[in-house]
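Dear colleague,

I am handing over the structure we spoke about, and my notes on what was found in it follow directly below. Please read them with the coordinates open beside you.

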Amino acid sequence: MGDADVIRIVVADDHHMTLAGLALSLDTVDDFEVVGQASDGEAALVQVWTMSPDVLVVDVEMPRLSGVEVARTISSGAGDVRILALSAYDQPEYVYGLLDAGASGYLMKEEADRDMLITAIREIMRGDDLWISPELATSLVRSQVSGHRERLEALSQREYEVLRLVASGLDNQQISDTLFISPHTVKNHLEHVKGKLVVRTRAEVIAWAWHNRVLKPGSKP
C-alpha cells in the first residue's frame with residue numbers, strides 16, 4: 001500500500017477518452033494520485049505489479065484480459081489492491097462474477113460521475129464490506145424480492161435489529177454502541193442477514209430493507 005495520506009490509483013479502460021477523463025477527474029482529488037493508466041487487461045496487470053497502487057479502477061469489458069480475469073489474477077496473487085469494477089451491465093451474473101473474482105466494488109458507468117467515483121474509492125478503501133452503487137443495489141434487490149416475508153421471518157430478533165440499524169445508515173461501530181455488542185458480533189450478525197436475505201453487500205441489505213419497508217421514510221430505527 002502507498003503513503004497513508006494518499007490513495008494511489010491505476011485506471012484501466014479500453015476507450016481512450018473515458019480513460020483520460022477518469023484519470024483527470026481522479027487526479028484532481030487532493031488525496032488521490034493516479035499512478036498508472038492501461039487500455040487493456042494485460043497492461044492493467046503490469047501497472048498493478050509495477051506501481052503497487054491501493055486501488056485499480058477497471059472496466060469489466062477489456063481486450064486481452066477481461067475485468068473478471070484481471071480481478072481473479074490479482075486476487076490469486078495475494079495482492080493488497082482494492083478493485084473497483086466499472087460496467088455498463090447491471091445483470092447479476094456480471095456483478096457477482098466480479099465480486100466473486102475479488103473485486104471490492106462495482107459501479108455502473110452511467111452512475112460514475114466524479115462524486116460517485118470518489119465515494120466508491122473511499123468506501124472500498126475502508127474495507128468494511130463489498131460496495132456497489134445505490135441504483136444497482138436497488139436493481140438487484142428488485143430481482144430478488146419474491147418471498148421477502150419468509151426471508152424476514154427467518155431473521156432472529158437481533159439480526160432484525162441489525163438490519164434496521166444498517167438500513168438507517170449506521171456503520172458497524174455505531175451499531176455496536178447502540179446494541180452494546182462488539183463490532184465483531186455486529187459483523188457476524190450482518191453476514192447472517194445477508195445470507196438469509198440472499199444478498200451479498202451492505203448496499204443491497206439497505207436497498208432490500210427500504211424496498212420492503214423494513215424502515216419507512218421518516219421513521220427512526
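The lining of the largest pocket divides into 8 nonpolar, 2 polar and 6 charged residues, where Ala, Val, Leu, Ile, Met, Phe, Trp, Tyr, Cys and Pro count as nonpolar, Asp, Glu, Lys and Arg as charged, and the others, Gly among them, as polar. This pocket has a volume of about 380 Å³, and of the 16 residues that line it, E123, R126, W131, R202 and I206 are the closest to its centre. Two or more lining residues come from each of α5, β6 (131-132) and α11 (202-211), and α11 gives the most, with 3 residues. A pocket here is an open set of points on a 1 Å grid over the protein atoms alone, where a 1.4 Å probe fits and with protein on both sides within 12 Å along at least five of seven lines, and a lining residue has an atom within 4 Å of a point. Grid points are joined across faces, edges and corners, and the volume is the space filled by probe spheres set on the points. Helices (H or I, at least four residues) and strands (E, at least two) are DSSP runs, numbered from the N terminus.

Before the rest, two remarks on conventions. The model is predicted, so that local features need pLDDT of at least 70 and side-chain atom pairs count only at pLDDT 80 or more, whereas totals for chains, interfaces and linings use all residues. Residues are numbered from 1 along each chain as its sequence is written, and side-chain values use heavy atoms, with hydrogens and water left out.

Turning to charged contacts, a search of the whole structure finds 10 salt bridges, each being a side-chain nitrogen of Lys or Arg within 4 Å of a carboxyl oxygen of Asp or Glu. Side chains of opposite charge can pair when their charged atoms come close. One of these bridges joins K109 and D59, at 3.2 Å from N to O. The pair links distant parts of the chain, with K109 in the loop between β5 (105-108) and α5 (114-126) and D59 in strand β3 (residues 55-59), 50 residues apart. K109 is partly exposed, with a relative accessible area of 28%, whereas D59 is buried, at 4%; buried means under 20% relative accessible area, exposed over 50% and partly exposed in between, with a 1.4 Å probe and protein chains only. D13, D59 and K109 are linked in a network of salt bridges.

K196 is partly exposed, with a relative accessible area of 31%, and E159 is buried, at 6%.

Helix α4 (residues 92-101) has V95, Y96, L98, L99 and A101 buried. R200 lies over the face of Y96, at 4.1 Å from the ring centre, the criterion being NZ of Lys or CZ of Arg within 6 Å of the ring centre and within 35 degrees of the ring normal. Y94, also placed in helix α4, is partly exposed, with a relative accessible area of 26%. The helix is followed by G102, whose phi is positive, near 125 degrees.

Finally, the backbone deserves a check in two places. Most residues other than glycine have a negative phi, and most peptide bonds are trans. F180, in the loop between α9 (172-179) and α10, has a positive phi near 60 degrees although it is a residue other than glycine, and at 76% relative accessibility F180 counts as exposed. V198, found in the loop between α10 and α11, likewise has a positive phi, of about 60 degrees, without being a glycine, and at 46% relative accessibility V198 counts as partly exposed.

With best regards
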